[in-house]
Amino acid sequence: MARWSANFATADLLGLLHEGGVPAGRVYRAEDMFADEHFAARDAIVRAHNRRGHEFAMQNVAPRLSDTPGGVRWRYAAAAIEQLRNDAIV
């Protein structure tokens, strides 16, 4: 499959697969996510700030439900992440 699919441009390959009834989609890189109009429309990427006040992009809550969409309020501190690891939660 890899050898065969390497002969096609992404859009052409997806077209062929979809025509044949094969569910398929792109694997996004970060720049693809920032350029995708659907990501923007769904607020899939949000901006947060670190302890020094520097802004960075991160994934928003998913799935985003219409009545209770959720949102990012803060980021986890390094100590909190380490505790989650110690507790085998992540």
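Mentor: Rings of Phe, Tyr and Trp, the last by its six-membered ring, count as a pair if their centres lie within 6.5 Å. In this predicted model, a search of the whole structure gives two aromatic pairs. One of them joins Tyr-28 and Phe-39, with 5.5 Å from centre to centre and 35 degrees between the planes. Planes under 30 degrees apart would be stacked and over 60 edge-to-face, so this pair is classed as tilted. The two residues are 11 residues apart, and the pair links distant parts of the chain. Tyr-28 sits in the loop between α2 (10–19) and α3 (30–35), while Phe-39 belongs to helix α4 (residues 37–41).

As for cover, Tyr-28 has a relative accessible area of 29%, and Phe-39 has 24%. Buried means under 20% and exposed over 50%, so Tyr-28 is partly exposed, and Phe-39 is partly exposed.

Now the setting. The protein has five helices and two strands, in the order α-α-α-α-β-β-α along the sequence. Its radius of gyration is 19 Å, whereas a compact globule of 90 residues would be near 12 Å. The C-alpha atoms fill a box of roughly 50 × 30 × 30 Å along the principal axes. Of the 90 residues, 10% count as buried. Among contacts with a separation of 6 or more, 7% come from residues 24 or more positions apart. The accessible surface is about 7,700 Å², and carbon and sulfur atoms hold 54% of that surface.

Note on methods:
Residues are numbered from 1 along each chain as its sequence is written. This is a predicted model: local features need pLDDT of at least 70, side-chain atom pairs count only at pLDDT 80 or more; totals for chains, interfaces and linings use all residues. Side-chain values use heavy atoms; hydrogens and water are left out. Helices (H or I, at least four residues) and strands (E, at least two) are DSSP runs, numbered from the N terminus. The radius of gyration is taken over C-alpha atoms; the globule rule is 2.2 Å times the number of residues to the power 0.38. Buried means under 20% relative accessible area, exposed over 50%, partly exposed in between (1.4 Å probe, protein chains only). Contact means heavy atoms within 4.5 Å. Accessible areas come from the Shrake-Rupley method with a 1.4 Å probe; for residues, only the protein chains shown count as cover.
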